[in-house]
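Please consult the sequence and structure shown below while reading.

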Amino acid sequence: MCGSVDSTMVGERLSVCGWVAKRREHGEHLAFLDLRDHSGIVQAVVDGSVDVRSEYVLRVTGTVSLRPEGTLNDRLATGDVELTDCQVEILSTAEPVPFQIDERTEVDEQVRLKYRYLDVRRDRMQRNLRLRARVNSTLRRAMERQGFCEVETPLLWAPTPEGAREFVVPSRLHPGEFYVLPQSPQIAKQLLMVGGFDRYFQIARCLRDEDLRADRQFEFTQLDVEASFVGQEDIFAFVSEAVLDAAEVATDQRPGPIATMTWAHALDRFGTDKPDLRFDMELHDLSTHFAATAVKAFAAATVKALRVRGGGEFTRSRLDALTDQAKALGAKGLAWFRVTPDGLDSPLARFLSAEETSVVRSVDDAQVGDLVLIVADEYALACKVLGALRLTIGAPPVSEGPHRYVWITEFPLFEGVDDDGNLVSAHHPFTMPHLDDLDLIDTDPLRVRSQSYDLVLNGWELGSGSVRIHRADIQSRIFTALGISDEEAQSRFGFLLGAFKYGAPPHAGFAFGIDRLVAILAGEDNIREVIAFPKTQSGTDLMTSAPKDITERQRRDLRLKFVPKV
RNA sequence: GGACCUGUGGUGCAGCUCGGAGUGCACGCCGCCCUGUCAAGGCGGAGGUCGCGGGUUCAAAUCCCGUCAGGUCCGCCA
């Protein structure tokens with residue numbers, strides 16, 4: 001390979017294949033070719049008459065030689081040698097490429113995606129995709145070492161109208177009926193538990209027809225895990241082992257044990273269930289100090305504050321931008337206070353009582369030159385808004401700083417109520433409630449904690465899991481709470497409930513997004529950078545032009561008719 | 001469904017506030033020169049629907065409206 005030619009091979013006659021990265025001509029009798037493959041670049045010395053251009057594919061047969069004194073290139077791994085007396089065989093010619101296959105200029109992503117096969121020829125994508133391959137194999141080995149068995153599950157599954165929107169696949173043999181592509185192998189893996197595969201895993205493709213984001217594609221890959229006769233702590237141990245192995249492979253450093261934090265703490269201290277722990281800036285609750293305030297802006301259930309070190313320097317326009325962000329997230333406004341030697345500098349300062357001034361003045365040990373931001377609102381909204389401002393102000397780029405993993409535990413079982421007044425599962429309907437909270441299901445359901453958990457890395461949710469319900473009586477109480485009748489439960493999940501009648505072991509599991517893990521390990525802030533052929537934000541593929549029309553014949557077979565939007 | 005940012009030779013940018021001839025820079029491409037370069041160098045050259053449509057104006061890359069594409073985010077993602 002190009003990159004592995006070195007001085008130990010001097011004198012050897014060898015053939016290397018690769019692409020012409022660069023040609024440097026020096027007249028009739030001398031030219032240098034940089035021959036590139038994924039391993040690196042090697043220089044071949046050829047006659048000036050050799051007519052090759054950038055990105056031609058060559059087989060160069062030459063003698064490995066030490067470069068003459070004074071011509072070594074220490075910026076090239078193979079810079080002390082070169083190939084001489086070369087025979088050049090052109091395996092393929094190439095037209096000028098739409099962008100250069102090097103790292104010198106950032107190319108617009110639209111162009112990169114259209115010519116993705118050229119983009120992946122570049123070093124960045126080579127590195128990222130090869131890192132991903134190593135992470136995959138590391139995860140697989142870690143799971144096998146821990147006694148897990150890899151089982152594949154179907155891509156063509158039955159519709160379960162619950163949760164994420166599914167991709168639908170029309171059936172040819174059963175016109176008018178449909179398969180769906182799985183949002184995750186959730187139910188399949190629980191059936192495998194019933195089937196006696198007490199330790200299952202799979203590197204599984206999941207598909208969700210929801211809007212795309214920097215960290216979300218229609219199709220993504222999860223390390224999917226489920227085990228019987230185990231609890232939350234066991235799952236943490238299994239998954240931590242795999243994740244830390246992968247991190248070690250990627251960074252040559254094994255992170256320490258992964259800490260845990262309850263959902264309630266994460267929300268309270270960081271304003272989110274996926275805290276970025278690379279920096280401190282915690283939220284502080286001032287509600288009790290403002291319980292009887294005369295300041296209208298602070299008359300709310302919750303008053304939360306964030307101290308910004310050095311934020312006294314923020315310009316008025318930056319404060320306005322933060323205020324706009326707060327409002328966009330639903331806050332009525334954003335109160336800011338500059339801490340100065342003379343007290344608080346703020347439009348609201350003169351309305352505060354002496355005691356309130358002193359509370360604000362000393363939030364989180366604020367010093368002169370700091371800024372204090374305050375949001376007063378319902379608890380959840382105040383947390384969400386200040387949590388977002390915390391990230392805007394303090395979060396380093398994804399590619400910077402340490403990797404801070406954390407387990408978030410004790411999520412609420414229900415996250416709210418839908419339009420019909422029924423409770424909605426926070427995770428999924430098979431999540432085991434916290435056993436201490438069973439009695440709250442009927443009396444105060446929103447306070448029921450669940451035995452579910454997330455794994456978070458640098459503010460990104462890597463994945464989630466839970467202890468599952470294996471007892472019919474508890475499952476039935478949950479369905480009742482969710483407003484799912486017996487009949488409905490039977491028609492939606494009948495095969496699972498049926499399976500549970502024949503000896504369901506207690507089980508628990510987890511699944512995390514490999515795309516997201518690899519992106520962060522690669523220092524990328526976007527999972528498209530670790531996916532060979534990703535979709536755009538509007539779900540198109542700029543290379544293949546998918547989605548596209550199908551043929552009349554295909555439509556006929558499927559008995560599909562397109563109804564235009566009116 | 002919504003907010004914001006971006007769109008100028010093949011690529012990356014500048015030009016846009018404050019309208020005045022498609023102006024400039026770097027890379028690439030083509031031709032010629034060059035026997036030790038490696039971001040090679042020198043000389044010359046080609047290459048444009050300023051995303052698209054409309055409007056304002058004597059005049060639009062520039063201002064206004066609409067639209068398309070890409071991105072970031074909100075909603076959405078059990």
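Angles between axes under 35 degrees count as roughly parallel, over 145 as roughly antiparallel, 65 to 115 as roughly perpendicular, and the rest as oblique. Axes are lines fitted to C-alpha atoms, for helices over the stretch in contact, and angles run from 0 to 180 degrees between N-to-C directions. The model is predicted: local features need pLDDT of at least 70, side-chain atom pairs count only at pLDDT 80 or more, and totals for chains, interfaces and linings use all residues. Residues are numbered from 1 along each chain as its sequence is written, while chains are lettered from A and ligands numbered from 1 in the order in which they are written.

**Helix packing**

Helix α3 (residues 123-145) packs against helix α13 (residues 514-521) at an angle of about 125°, and their axes are 10 Å apart. The two helices are therefore oblique to each other. Helices (H or I, at least four residues) and strands (E, at least two) are DSSP runs, numbered from the N terminus. Residues are in contact if their C-beta atoms, placed from the backbone, lie within 7 Å.

| Helix | Contact residues |
|---|---|
| α3 | Leu-131, Arg-132, Val-135, Asn-136 |
| α13 | Ile-514, Leu-517, Val-518, Leu-521 |

**Domains**

An automatic or database assignment gives the domain bounds. Chain A comprises domain 1 (2-92), domain 2 (125-261 + 405-530) and domain 3 (280-394). The centres of domain 2 and domain 3, taken over C-alpha atoms, are separated by 37 Å.

**RNA surface**

A residue is near a strand if its C-beta atom, placed from the backbone, lies within 6 Å of it. Among the 55 residues around RNA strand B, Gly-27, Asp-108, Gly-163, Asp-211 and Gln-537 come nearest.

Notes: Two residues are in contact if their C-beta atoms, placed from the backbone, lie within 7 Å.
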